Amino acid sequence: MDTRDLGIKKIDPTLYNEDLAPIPHAKRTWGWFEIFNVWSNDIQSLFGYTLAASLFITYGLNGWAVMAAIILAGFIIMVLVNLSGQPSVRYGIPYPVMARVSMGVRGANFPAMVRAVVAIFWYGVQTYFASTALTLLINALTGSAGGAEFLGMTAIGWFSFVVVWLFQLYMFWRGIEWIRHFLNWAGPFVYVVMLVLMGIIWVKAGGGLMSEVGKIFSGTGTYAGGPVAAFLGITGTMVAYFAAVVINYGDFSRFVRSEREMKIGNLLGLPLNVAFFSFIALFVTAGTVVLFGERLTNPADIVARVDNLGLTVIAAITFFAATVGINVVANFVPPAYDLANLIPSKINFKIGGLITSIAAFFVGALWVSVISNIGIAGFVNTLGAILAPVYGIMIVDYYLVKKQKLDIQQLFSSEPGSKYYYVNGWNQRALIAFGAAALFSISSVWVPALEALSGYGWVIGACLGGLFYYGLMATSPLAASAAADD
């Protein structure tokens with residue numbers, strides 16, 4: 001079929017709306033710069049900075065080896081998203097529609113809703129953290145301590161939380177193009193401020209900075225498992241950090257003009273971008289030792305110690321932009337499409353975003369006083385882990401079983417006997433492969449003996465899912481019929 005003719009001629013309202021429909025190539029506006037900024041916004045959160053800085057300290061590994069591990073992780077994620085992004089570039093479809101190919105037109109709702117629940121949870125949490133940046137700004141400008149507390153937040157904290165929540169809702173309601181503009185602004189802006197912060201720290205630290213950088217780069221060799229285990233641990237940790245976006249990367253790549261531009265954006269935005277950001281984090285952290293006598297890996301703590309009102313204002317705006325940016329990439333766009341896939345005739349991208357925002361409001365509002373204290377993060381991490389086999393199944397199905405050929409019309413058909421209907425809309429072989437591989441994925445979260453695998457639990461779970469699926473589909477007559485293109 002001509003992949004540039006992506007119009008759906010026969011509409012099934014239980015599977016189709018305009019937001020799920022393929023985007024024709026002529027209407028795509030994203031290039032490599034937009035994809036680069038997807039990844040810039042994903043790494044440039046408060047947690048992303050703290051993670052990058054702490055990797056040079058926690059594992060006691062030689063600094064060059066740490067950089068190599070970080071770059072390797074960037075290349076691993078780049079390969080994974082190139083694989084998951086290609087079909088969406090070619091056919092213009094979001095992740096939940098792509099999931100129909102392997103899971104069935106009804107079965108795709110299962111992984112889509114699991115992904116949505118995980119994203120909604122973290123969307124609420126990140127909204128709270130973004131609000132702390134606004135709280136920092138207001139406190140700095142007014143000199144107020146914040147007022148009385150309620151459910152763990154001061155009056156200014158609550159005001160900030162509601163303002164951030166409303167800002168994000170407004171931005172999302174404007175649609176994907178407005179989101180694109182925000183990401184394109186936020187990514188470079190955060191980098192500029194981080195470089196300014198590094199410059200200020202460098203000037204204040206003077207000649208002692210390079211000496212401290214040298215100490216950090218030399219490593220301590222104190223990691224219990226030795227240098228190889230430390231190297232693998234760092235790589236796995238960085239892979240795990242980006243894993244949430246890997247499965248639904250097609251939600252972004254469907255807007256890209258060509259596969260070449262997607263790959264350029266992924267190259268610049270992952271291994272190169274992550275290495276550069278980590279380099280900045282290293283120098284700023286080293287500077288804090290010279291200035292304050294301790295290694296500070298939290299940017300908010302660094303700004304507070306510098307004690308400069310102008311820097312505090314700029315930093316607060318930066319932290320806000322960075323945290324909202326990662327919320328857009330990892331926690332808003334995915335559930336908006338996933339919820340739209342559930343009931344397309346009733347829920348579109350905007351309504352899906354509204355549901356996401358409302359549910360996440362309560363998660364963020366109760367984060368400090370309730371949710372962070374009851375260990376629910378383990379439950380959410382479990383849901384995230386069980387998505388790993390779904391990725392493996394989806395990739396193996398598209399590249400090895402379907403041979404990169406899809407019937408775009410029948411992706412939106414629920415007629416019995418259609419290519420992706422399988423059995424009552426569910427691919428039972430995919431479910432079996434998923435169940436078997438998910439046992440390992442879940443164990444990687446809860447079984448202490450598997451803790452050493454760190455972020456590799458996700459990759460291994462994906463590999464197992466794909467391996468089991470390929471073995472099961474090799475004996476399936478449905479595989480042969482579904483692989484044929486129209």
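This is a predicted model: local features need pLDDT of at least 70, side-chain atom pairs count only at pLDDT 80 or more; totals for chains, interfaces and linings use all residues.
Residues are numbered from 1 along each chain as its sequence is written, and side-chain values use heavy atoms, with hydrogens and water left out.

A word on naming: helices are DSSP runs of H or I with at least four residues, strands are runs of E with at least two, and numbering goes from the N terminus. Two packed helices are described by the angle between their axes and the distance between the axes. The axes are lines fitted to C-alpha atoms, for helices over the stretch in contact, and the angles run from 0 to 180 degrees between N-to-C directions.

Let's start with α11, residues 259-292. Its 34 residues should span 50 Å at 1.5 Å a residue, and the end C-alpha atoms are 47 Å apart, which agrees. That expected span is 1.5 Å times one less than the number of residues. There's a bend of about 40° at asparagine 273, taken as the angle between axes fitted to the seven residues ending there and the seven starting there. After α11 comes glycine 293, with a positive phi near 80°.

So what does α11 pack against? Helix α2, residues 46-58, at about 70° with the axes 9 Å apart. The two are therefore roughly perpendicular; under 35 degrees would be roughly parallel, over 145 roughly antiparallel, 65 to 115 is roughly perpendicular and the rest is oblique. Their crossing is right-handed, meaning the near helix is turned clockwise from the far one by less than a right angle, with anticlockwise being left-handed. From α2, Tyr49 and Phe56 are among the residues that meet α11, whose side includes Phe277 and Leu282. Contact here is heavy atoms within 4.5 Å. By class, that's nine nonpolar, three polar and no charged residues. For the classes, Ala, Val, Leu, Ile, Met, Phe, Trp, Tyr, Cys and Pro are nonpolar, Asp, Glu, Lys and Arg are charged, and the others, Gly among them, are polar.

Next pair: α16, residues 388-401, and α18, residues 456-473, whose axes come within 7 Å and cross at roughly 45°. So α16 and α18 are oblique, and the crossing is right-handed. On the α18 side, the contact includes Gly461, Gly465 and Gly466. The contact residues divide into twelve nonpolar, four polar and one charged.

Then α1, residues 32-43, packs on α13, residues 309-342, at about 120° with axes 7 Å apart. That makes α1 oblique to α13, and this crossing is left-handed. Val38, Asn41 and Asp42 are the α1 residues here, meeting α13 residues including Gly325 and Val329.

Last one, α7: 30 residues, 176-205, reaching 43 Å from first C-alpha to last, close to the 44 Å expected. Just after α7, glycine 206 has a positive phi of about 65°.
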